[in-house]
Amino acid sequence: MKRLIALPLLCAAPSVRAQALVDPAAIDSAVAAFTGAEQGLPGGAAAPVDRRLRLAACPVPLALDWYGVQRDTVTVSCRAAGGWRLFVPLSGVGGPAAAPAIIRGDAVTISASGDGFAVSQPGEALEAGAIGAWIKVRGSAAGSQPLRARVIRPGLVGIALP
């Protein structure tokens, strides 16, 4: 009698192979949206997430955050019970090899762009940063509040808006 009860329970249990998995391309897209830079570009993921990873689908939205003070790695995690966490290194950010493209006090152009528009204004760098790094800047208009922008090249910082 015990064998007859166990057999239907085994048949009803979902197999590990049938479990839903996270698409690594979705993680790549989330990292690109979080950093504001595409994979391979300065500030974007250095490489795609390993396609051999078999990460369980996350029932809650993925959590992305900076790892470390240099902001050269992004932490992607599933914060549900039994979740997972992985680290995505960024290209051309931080580290001793990245020379500052902008020095504190430099005059910069602050560019904000989104779908179908782009605006810019002059400003001042409040921090030094290499290409791809996020730094504090302030517009030259009186009373401008500091904001964070990504170093695009010497003299130019940008903010990508949705």
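In the hairpin of strands S1 and S2, 5 residues lie between the strands, and Gly68 takes a positive phi near 90°. Strands here are DSSP runs of E with at least two residues, helices are runs of H or I with at least four, and both are numbered from the N terminus. The model is predicted: local features need pLDDT of at least 70, side-chain atom pairs count only at pLDDT 80 or more, and totals for chains, interfaces and linings use all residues. Residues are numbered from 1 along each chain as its sequence is written, and side-chain values use heavy atoms, with hydrogens and water left out.

S1 (residues 63-67) pairs with S2 (residues 73-77) in the antiparallel sense over 5 bridges; pairing requires that DSSP finds at least two bridges between two strands. Leu64 stands opposite Val76 in S2.

There are 2 aromatic pairs, where rings of Phe, Tyr and Trp (its six-membered ring) pair if their centres lie within 6.5 Å, and planes under 30 degrees apart count as stacked, over 60 as edge-to-face and the rest as tilted.

| Pair | Centre to centre | Angle between planes | Class |
|---|---|---|---|
| Phe34 and Trp66 | 5.0 Å | 50° | tilted |
| Tyr67 and Phe87 | 4.9 Å | 65° | edge-to-face |

Phe34 in helix H2 (residues 24-35) and Trp66 in strand S1 are 32 residues apart. Tyr67 in strand S1 and Phe87 in strand S3 (residues 85-89) are 20 residues apart.

Accessibility is classed as buried under 20% relative accessible area, exposed over 50% and partly exposed in between (1.4 Å probe, protein chains only). Trp66 is buried because its relative accessible area is 18%, whereas Phe34 is partly exposed at 28%. Tyr67, at 47%, is partly exposed, and Phe87 counts as partly exposed at 40%.
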